[in-house]
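Take a moment with the sequence and the model before reading on.

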Amino acid sequence: MLTPDYYNKFTCIADKCPITCCKEWKIAVDADTNRRWKKLLPPDTVPECRKNLSAYTTKKDGQRVIGLDAMHRCPFLDEAKLCRLVSTYGDSVLSETCTTFPREYHTFHDHKEGMLMPCCPAVIDLWRYTLLDFPQVSEPDALFLIRTSIMNLIQDTNISIEEALLESFYILSELAKNVPITIAKVTEYFSPASLAELRAAIHDVELPAADTWMERNELLQDLSVNYIEEGLYAPYLNPLITLAEQFTVPDDERLIDFNKQLHTYDILFRNYVANEIFSDLLMPEDTIDDMLLHLEWIALEYASIRQSLFLLCSAEGANHLSYETVRDYIVILSRMTGYEDADIREYLENSFASPIWDWGYFALVVGK
Ligand code: SF4
């Protein structure tokens, strides 16, 4: 299995976790686990005693999940933020979702890949200081070559993450118009000469920072609306959305100051975006159009995180963007946007004139 270099370094920090995954989520219970749970008694310490473990599950959106309590927490999470099921029965009692998280696996026709998701603070801690090393597919086809080329752009510290995204989306859009996509075409688009030409052209495009700020502010509020209504992530989202609703477009000085603060976390954000590209840009059976949609979603996630951090560090009294704030909002926004593929497509279809954006709109979201 191909995995990035950080993959084996992960350890769950359990009771030390600042944003446990055992709350405010759909925690899926697979059919095998549910069958086993029908024969197991709940631990004595579970507040509301039911006949067996399966009786704590419910159906949500057609899926069997653990029914959360009034505070949106897993009923098996104890006061010390440890799992009552693991304490009583050991790790083997857990559902596939609980066993796997925050790992994810993709099986392609000739190989399998494993990665960690940014929905866990302990994963973000692994990405803070050095650029990650991602594995290479031994004989990449054109789509895998695109993915590697985009990851290389994201990890190129000579250009900003925004420039890397803008160039990547332009090239992907051009390739999508020029099917069949061959290794030769991909190599040519990502060659140093073509990239230099594209970089210069993008450099000349005027992208008013205030327009990007307003668009991101709208997108952030739109992504949050359902979670606010359900009372989820309230300690994080409520202050954030109040700020989003109150703020007026910032002046250049404030934007420059924020960019400087954000740059302190440049390596972390490059690792975050590169990991998103590795894990989500190309899924098994994907076409170039699917890759375009995935790149839009990755840009939207990144833009929402940036906007959240801008609002928080521009709030009255806040003058410093702490690592903990950066980490926690990457985790929360990643959980909020961790949609299934079909749901991403539906969101993009319902929210925009066309699910596949033109480069101008992508640039408005990403900014410079
Ligand atoms: S979010 Fe990560 S560190 Fe926290 S409890 Fe879950 S797996 Fe462990």
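Begin with the layout. This is a predicted model. The chain is divided into two parts: domain 1 spans 22-100, and domain 2 spans 116-368. Their centres, taken over C-alpha atoms, are 34 Å apart. Four residues of domain 1 and seven residues of domain 2 make up the contact.

How is that contact sized? The size of an interface is often given as the accessible area lost when the parts come together. Here, domain 1 and domain 2 bury about 500 Å² between them. Carbon and sulfur atoms account for 49% of that area. On the side of domain 1, Glu-24, Trp-25 and His-72 lose the most area to domain 2. Together they make up 88% of what that side buries.

Domain 1 touches domain 2 with one nonpolar, one polar and two charged residues. Between the domains there are zero salt bridges. Two residue pairs are in polar contact there.

Glu-24 has a positive phi of about 60°, although it is not a glycine.

Strand 1 (residues 57-60) and strand 2 (residues 63-66) run antiparallel. Four bridges join them. Thr-58 has Val-65 in strand 2 as its bridge partner. Two residues lie between the strands. Asp-61, in the turn, has a positive phi of about 50°.

Turn to charge pairs. Side chains of opposite charge can pair when their charged atoms come close. The structure holds 14 salt bridges. One of them joins the side chains of Arg-306 and Glu-162, at 2.6 Å from N to O. What does this pair tie together? Arg-306 lies in helix 13 (residues 288-314) and Glu-162 in helix 6 (residues 161-177), so the pair links parts that are 144 residues apart in sequence.

Finish with the peptide bonds. A cis peptide bond joins Phe-101 and Pro-102, with omega about 5°. Pro-102 sits in the loop between helix 3 (96-100) and strand 3 (103-107). Another cis bond runs from Val-179 to Pro-180, with omega near 0°. Pro-180 lies in the loop between helix 6 and helix 7 (183-189).

Methods
Residues numbered from 1 in each chain as written. Predicted model: local features only at pLDDT ≥ 70, side-chain atom pairs only at ≥ 80, totals over all residues. Heavy atoms only, no water. Domains from an automatic or database assignment. Contact = heavy atoms within 4.5 Å. Buried area = accessible area lost by both parts, 1.4 Å probe. Salt bridge = Lys/Arg side-chain N within 4 Å of Asp/Glu carboxyl O. Polar contact = N/O pair within 3.5 Å; in protein donor to acceptor, adjacent residues only side chain to side chain. Nonpolar A, V, L, I, M, F, W, Y, C, P; charged D, E, K, R; others polar. Pairing = 2+ DSSP bridges.
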